[in-house]
Amino acid sequence: MAQAVEDWYKQMPIITRSYVTAAVVTTIGCSLDIISPSNLYLNPRLVMKNYEFWRLVTNFLYFRKMDLDFMFHMFFLARYCKLLEENSFRGRTADFFYMLLFGATVLTSIVIVGGNIPYLSESFAKIIFLSNSLTFMMVYVWSKQNPFIHMSFLGIFTFTAAYLPWVLLGFSVLVGASAWVDLLGMIAGHAYYFLEDVYPRMTGRRPLRTPGFIKSLFADEAVVVARPVNVRFAPPPAEELHQD
């Protein structure tokens, strides 16, 4: 069992493995009172006035207390982060990192702006950790890029992946969780999907092109597609046609 878990962990691509490791270590540290969540949560005032810039990152690493909900979100984080990195972003580690950076920036901006809007500020003030929202963003992007995959929810009913975010949102509402967390993830995910996939097809321009300095941080390997054996891409020589 331990060997299987170790193999599964080692097979994760670099971004997925790094994020899962940081999230698990941070959450365990808080559960053991080694780390205080009060030093991790998003607080724009402390970021700007006290220069506690680490909060812009650490609020994406803490998944609350270690319970069934934590295991549920770890499963979704490991699964959909890995699926995106190994498939849609295969050989494009820098682009995948930039997607997460874009999502984190959008989520943080929404919470900061929403906290200053009358009648909404109270709701946004309660959102101090955005880890679940970033995970939901990855689920949303994956569902948009793989809309026709058939899925089953707890064996109760089947649906296509395009509806996965809405199924999970409905489940969150049923169990009494805040819908805001999932909705923020859907907003960030749709913003990325539109700017990266829809808008370029409409205009021929790609506004989310990964900056060069981020690409320089990752040495992506070229994706090699093997050529099938005995497959011709040109007519055979005339002498081969008359050998029979």
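Is R17 buried, partly exposed or exposed, and what is its relative accessible area? In this predicted model, in which local features need pLDDT of at least 70, side-chain atom pairs count only at pLDDT 80 or more, and totals for chains, interfaces and linings use all residues, R17 is partly exposed, with a relative accessible area of 24%, where buried means under 20% relative accessible area, exposed over 50% and partly exposed in between, computed with a 1.4 Å probe and protein chains only. Residues are numbered from 1 along each chain as its sequence is written, and side-chain values use heavy atoms, with hydrogens and water left out.

The secondary structure of the chain amounts to 12 helices and 2 strands, helices being DSSP runs of H or I with at least four residues and strands DSSP runs of E with at least two, numbered from the N terminus. Read from the N terminus, the order of the elements is α-α-α-α-α-α-α-α-β-β-α-α-α-α. Of the 244 residues in the chain, 39% are buried, and the accessible surface comes to about 14900 Å², with 63% of that area belonging to carbon and sulfur atoms; these areas come from the Shrake-Rupley method with a 1.4 Å probe, and for residues only the protein chains shown count as cover.

R17 itself is located in helix 2. When its neighbours within four places in sequence are left aside, R17 is in contact with Y9, K10 and M12. The C-alpha atoms of R17 and A78 are 8.0 Å apart, although 61 residues separate the two in sequence.

Helix packing is considered next. Two packed helices are described by the angle between their axes and the distance between the axes. The axes of helix 6 (residues 93-114) and helix 10 (residues 179-203) come within 9 Å and cross at roughly 130°, where axes are lines fitted to C-alpha atoms, for helices over the stretch in contact, and angles run from 0 to 180 degrees between N-to-C directions. Helix 6 and helix 10 are therefore oblique to each other, since angles under 35 degrees count as roughly parallel, over 145 as roughly antiparallel, 65 to 115 as roughly perpendicular and the rest as oblique. Their crossing is right-handed; a crossing is left-handed if the near helix is turned anticlockwise from the far one by less than a right angle, and right-handed if clockwise. On the side of helix 6 the contact is made by M99, F102, G103, V106, L107, I110 and V111, and on that of helix 10 by L184, G185, I187, A188, A191, Y192 and L195. These residues divide into 12 nonpolar, 2 polar and no charged, with Ala, Val, Leu, Ile, Met, Phe, Trp, Tyr, Cys and Pro counted as nonpolar, Asp, Glu, Lys and Arg as charged, and the others, Gly among them, as polar.

For helix 5 and helix 8, the axes likewise come within 9 Å, and they cross at roughly 45°, which makes helix 5 oblique to helix 8. The crossing of this pair is left-handed. Helix 5 contributes H73, F76, L77, Y80, C81, L83, L84 and S88, which meet N132, T135, M138, V139, V141, W142 and Q145 of helix 8. The residues of this contact comprise 10 nonpolar, 5 polar and no charged.

Both helix 5 (68-88) and helix 8 (131-145) are also included in what covers the buried residues of helix 9, together with strand 1 (150-153), strand 2 (157-160) and helix 10. The buried residues of helix 9 (residues 164-174) are L164, P165, V167, L168, L169 and S172. S172 has a relative accessible area of 13%, and, apart from its neighbours within four places in sequence, S172 is in contact with A177 and D182. Between S172 and D182 the C-alpha distance is 8.1 Å, at a sequence separation of 10 residues. Helix 9 is followed by G176, whose phi is positive, near 85°.

Positive phi values also occur in residues other than glycine. D33, in the loop between helix 2 (14-31) and helix 3 (44-49), has a positive phi of about 60° and is exposed at 69% relative accessibility. Y51, in the loop between helix 3 and helix 4 (55-58), has a positive phi near 60° and is exposed, with a relative accessible area of 58%.

Methods: Contact means heavy atoms within 4.5 Å.
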